[in-house]
Amino acid sequence: MAIADISCQVEAGEFISFVGPSGCGKTTLLMSIAGLIASTTGKIVVKGRAISGPPPNLVLVFQEFNKSLFAWRSVLGNVLFGFDARGKKLRESEDKAKQLIDLVGLKGFESHYPWELSGGMQQRVAIARALAYEPEVLLMDEPFGSLDALTRLELEDTLLRLWEELGTTILFITHDIEEAIYLSDRIWVLSRRPSKIIEELRIDFPRPRQQVTTRAEARFMEIRNQIYKQISNQNTA
Amino acid sequence: MNGSGKYNWTGWLVLGLLLLLWECGSRASPKLQLYIPPVSQILGSLIHLIVSGQMTVHFLTTLRRFLEGYLLAAAIAVTLGVVLGYFRFAYNLLEMLIEFLRPMPSVAIIPVAILLLGIGDGMIVAVTVYASTWPILINTIDGVRHIEQTLIDTGRTFGLARRRILWQIVLPAAAPYIVTGLRVSLSIALILVTTAEMIAGSKGLGFFILDEERSLQSSNMYAGIILVAVLGYLLNRLFVALEKKALRWRHSMVLREAI
């Protein structure tokens with residue numbers, strides 16, 4: 001069993017991160033919430049309803065953006081897919097798609113194919129595509145895990161800007177504790193398998209946050225060390 | 001393709017020299033001329049056959065049979081291939097049958113087809129369908145199997161129904177494989193049409209070639225052979241042009257990976 005009993009309350013528009021030791025079932029949890037894997041024994045209940053397939057108001061952004069993007073569609077085509085999947089008319093969506101592409105910082109790359117872009121740019125396309133679907137909740141499975149450090153910081157800021165602008169609820173998985181603190185309103189620390197939530201932390205640094213100043217605050221380090229101790233105690237237990 | 005991208009003059013020169021050798025050799029020996037007439041004479045026959053309209057019916061018949069057989073095979077094989085690639089249990093059901101029938105030389109079923117369908121159009125198209133189905137089927141199954149689970153999951157998280165996942169994700173993702181199968185089958189289909197026409201039928205280029213040989217009109221026979229070759233060449237060129245257009249993303253992607 002990967003996951004024990006996890007119950008959580010999410011406010012609309014919140015940014016929540018899950019952190020936990022590697023192999024603790026973070027991805028399993030997110031895939032279950034996304035309705036992509038059926039739970040073996042228990043069930044997933046969202047808004048009082050058991051999930052039997054992918055719910056219509058959720059969309060998952062995968063870590064492996066290069067496997068998730070459509071290589072046969074241009075950047076614009078990939079983003080239009082999000083609108084199309086939502087049932088929007090393609091003709092009416094084109095302007096909106098271009099706006100989204102601009103918003104994620106890819107203006108001028110509309111007609112490029114995903115594999116012509118760098119990893120960070122590809123994940124930007126994937127995020128724009130997901131937002132085009134206009135989900136209430138955006139699930140993100142270590143979306144920046146395979147990017148280099150600098151690109152990662154840039155994408156974190158882009159994501160925060162989009163989140164503030166669009167008001168989407170975000171559930172974010174990461175193994176990077178500092179990333180979780182920098183981004184989130186709340187952090188849930190997961191235990192090892194079978195995982196449960198062992199700690200909930202409210203992060204109240206003012207927004208908009210700054211990569212340099214926010215991360216330099218003493219409180220930031222305190223929280224980081226607290227979470228780190230909890231996770232490493234798990235590992236040695 | 002020649003790497004330099006320049007026009008392949010030497011290649012044409014070799015071809016020209018061979019034809020010249022043929023022409024001179026044939027003219028030098030009257031006995032040989034009966035079986036291998038000079039190139040000029042063959043070209044003369046070819047032009048005569050085309051201009052007089054004698055060839056039109058054979059050419060069009062072969063083309064029509066080819067198109068019927070090939071397109072039917074493509075439709076059947078892609079559909080079946082997607083189903084077999086997508087549903088493991090369906091593949092398990094048919095795996096042994098496929099593995100047994102696939103390596104069998106397809107011409108071996110021509111006698112069966114004659115028994116069941118007679119010697120008309122139906123038989124010729126049927127054996128063409130049978131033979132050209134295999135490469136498309138096998139490649140389509142392979143292509144669908146190679147699709148990343150993440151790609152399917154992407155479709156699912158965007159709320160796509162199975163049917164739309166099939167159309168919008170599985171088919172385009174498997175397209176490079178499917179096209180490979182289609183290209184292999186292109187020549188197989190033409191081989192089967194002409195072979196079947198030689199065995200049974202009263203029209204078509206295959207029939208014409210064999211008929212002229214039997215009437216000792218070797219010059220006409222060669223003209224027929226040239227026409228089949230031209231037909232194959234043109235179909236292949238058309239295919240490559242369509243493929244380039246349809247899989248433009250793939251070509252540049254492969255090119256980029258090669259660099």
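In helix H10 (residues 205-214) of chain B, the buried residues are Leu205(B), Gly206(B), Phe207(B), Phe208(B), Ile209(B) and Glu212(B), where a residue counts as buried if 20 or more other C-beta atoms lie within 10 Å of its own, as exposed if 12 or fewer do, and as partly exposed in between, with the C-beta atoms placed from the backbone. Helices (H or I, at least four residues) and strands (E, at least two) are DSSP runs numbered from the N terminus. This is a predicted model, in which local features need pLDDT of at least 70 and side-chain atom pairs count only at pLDDT 80 or more, while totals for chains, interfaces and linings use all residues. Residues are numbered from 1 along each chain as its sequence is written, and chains are lettered from A and ligands numbered from 1 in the order in which they are written.

**Helix H10 of chain B and the loop after it**

- The buried residues of H10(B) pack against helix H4 (56-86), helix H9 (162-199) and helix H11 (218-246) of chain B.
- H10(B) is followed by Leu216(B), which lies in the loop between H10 and H11 of chain B and has a positive phi near 60 degrees although it is a residue other than glycine.
- Leu216(B) is exposed, with 11 other C-beta atoms within 10 Å.

**Helix H1 of chain A**

- Six of the eight residues of helix H1 (residues 26-33) of chain A are buried, so this helix is largely enclosed by the rest of the structure.
- The buried residues of H1(A) are Lys26(A), Leu29(A), Leu30(A), Met31(A), Ser32(A) and Ile33(A), and what covers them includes S1, S4, strand S5 (137-141), strand S6 (169-173) and S7 of chain A.
- After H1(A) comes Gly35(A), whose phi is positive, near 75 degrees.

**Strand S7 of chain A and its partners**

- Four of the five residues of strand S7 (residues 186-190) of chain A are buried, so S7(A) is largely enclosed by the rest of the structure.
- Strand S1 (residues 15-19) of chain A pairs with S7(A) in the parallel sense over four bridges, two strands being paired if DSSP finds at least two bridges between them.
- Within this pairing, Ile16(A) has Arg186(A) in S7(A) as its bridge partner.
- S7(A) also pairs with strand S8 (residues 197-202) of chain A, in the antiparallel sense and over five bridges, and a hairpin of six residues joins S7(A) to S8(A).
- Trp188(A) stands opposite Glu200(A) in S8(A).

**Nonpolar cores**

- A nonpolar core is a set of buried Ala, Val, Leu, Ile, Met, Phe, Trp, Tyr and Cys residues joined through C-beta atoms within 7 Å.
- The largest nonpolar core has 72 residues, of which Leu30(A), Val61(A), Val79(A), Ile101(A), Ala128(A) and Leu139(A) touch the most other members.
- Helix H5 (residues 119-132) of chain A gives the largest share of this core, eight residues, and the core draws at least three residues from each of domain 1 (1-27 + 145-237) and domain 2 (70-134) of chain A.
- A second, separate core of 37 residues includes Met123(B), Ala175(B), Ala189(B) and Ala196(B).
- Not counting residues up to four places away in sequence, Leu139(A) touches Leu30(A), Ile33(A), Ala34(A), Leu58(A), Val59(A), Leu60(A), Val61(A) and Leu171(A), where two residues are in contact if their C-beta atoms, placed from the backbone, lie within 7 Å.

**Domains of chain A**

- Chain A is divided into domain 1 (1-27 + 145-237) and domain 2 (70-134), with bounds that come from an automatic or database domain assignment.
- The C-alpha centres of domain 1 and domain 2 of chain A lie 27 Å apart, and the contact takes nine residues from each of these two domains.
- On the side of domain 1 of chain A that touches domain 2 of chain A, the residues divide into five nonpolar, three polar and one charged; here Ala, Val, Leu, Ile, Met, Phe, Trp, Tyr, Cys and Pro count as nonpolar, Asp, Glu, Lys and Arg as charged, and the others, Gly among them, as polar.

**Contact between chains A and B**

- This contact takes 17 residues from chain A and 14 residues from chain B.
- On the side of chain A that touches chain B, the elements that give two or more residues are strand S4 (58-61), helix H2 (65-68) and helix H3 (75-86) of chain A.
- That side of chain A has 13 nonpolar, two polar and two charged residues.

**Backbone features in loops of chain A**

- The peptide bond from Arg207(A) to Pro208(A) is cis, with omega near -5 degrees, and Pro208(A) is placed in the loop between S8 and helix H8 (211-216) of chain A.
- Glu142(A), found in the loop between S5 and helix H6 (149-166) of chain A, has a positive phi of about 40 degrees although it is not a glycine.
- Glu142(A) is buried, with 20 other C-beta atoms within 10 Å.
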